[in-house]
Amino acid sequence: MKKFAIIVTTVLSIFLSAVISASCDIPTNLFKERMNLKKRYEKEIGNDYLRNKEKADLYIKQIKEIDSRYRDVIYSLLYEAELNENKIFSECCNNVNEDKILFFVCNLIEYKITKDKEKFLNYVPSDKKSLEPLWILDAIIFSDPLYGKKTTSKFFDDDSFPKIFIDTVYILATNDDSKAFDVLLRIYVFSEGEYAEYIDDILLELFVNYPKLVIRNWQIVKKYEALINFETTDYNHQAESIIENYKNICSGSDVNSFSCNELLEFLKKRKK
């Protein structure tokens, strides 16, 4: 049985090695080129695809070609990490700041390998524009026509890349890391589309399951309170029990009463 396991592991390693790209085939200006194509599409085509079909299809084709190049490298980075190798990582990730798509992939992979949470959290952008590439990673990965027929790296685990990124920050926050708390709320503020709904649920989960943690980090939460509304969650149905739970905890002597009072007022205002 042990011999069989060794054979399986060896075959998997050979397979994964075969699908890893030979090099990091990403020109330094590729991200900017993709962004420029998107801007030109929005400006010249907008919502009028049918009247500009030929030009629109050309832009779409060019964007898909760029995404294909990214996808090959992203797969390679994930597979390589599974094999504990770093050739492609060294080529792609050492000077990745200019390429905002690879930036998120490299940052997460490096954290999964090194567990250097300080570096990981410090590298998460602090503005809306710099976070935007995170929200398009799924579109790049899942647009692969062969997706689902390929062996998936354990680092990706057949899930949404932005959600894995958010979950990683969330787990650090629940371990009483105030920096992670701040980063999670920053991502919350600038999240988009389905990811905004996902992190809304994540944040409510944090408030429900980790009340003492929220109280301790209230001064961080307070910076973002005007933008936290739990709009896409079922907060209204849970509000009374959540507020009652916080009241009970705040009656203890081991919590900051000032933070408690402000937090309770915040929770009451979110109830509609």
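**Close-up 1. Cys93 and Cys106 are joined by a disulfide in this predicted model.** Their sulfur atoms lie 2.0 Å apart. The torsion about the S-S bond is -70°, and the link of Cys93 and Cys106 is left-handed. Cys93 belongs to helix H4 and Cys106 to helix H5 (residues 100-114), so the bond ties together parts that are 13 residues apart in sequence. Cys93 is buried, with a relative accessible area of 11%, and Cys106 is buried as well, at 2%.

**Close-up 2. Cys24 pairs with Cys92 in another of the three disulfides that the structure holds.** Here the sulfur atoms are 1.9 Å apart. Because the torsion about the S-S bond is about 120°, the disulfide of Cys24 and Cys92 is right-handed. This pair links distant parts of the chain, 68 residues apart: Cys24 sits in the loop between helix H1 (2-19) and helix H2 (30-44), while Cys92 sits in helix H4 (residues 87-93). Both Cys24 and Cys92 are buried.

**Close-up 3. A disulfide connects Cys250 and Cys260.** The two sulfur atoms are 2.1 Å apart, and with -90° about the S-S bond the link is left-handed. Cys250 lies in helix H14 (residues 235-250) and Cys260 in helix H15 (residues 257-269), ten residues apart.

**Close-up 4. Asp67 is a buried residue of helix H3.** This helix covers residues 53-82. The relative accessible area of Asp67 is 7%, under the 20% cut-off, so Asp67 counts as buried. Beyond its neighbours within four places in sequence, Asp67 is in contact with Arg34 and Ile140.

Terms used:
Residues are numbered from 1 along each chain as its sequence is written. This is a predicted model: local features need pLDDT of at least 70, side-chain atom pairs count only at pLDDT 80 or more; totals for chains, interfaces and linings use all residues. Side-chain values use heavy atoms; hydrogens and water are left out. Helices (H or I, at least four residues) and strands (E, at least two) are DSSP runs, numbered from the N terminus. Buried means under 20% relative accessible area, exposed over 50%, partly exposed in between (1.4 Å probe, protein chains only). Contact means heavy atoms within 4.5 Å. A disulfide is a pair of cysteine sulfur atoms within 2.5 Å.
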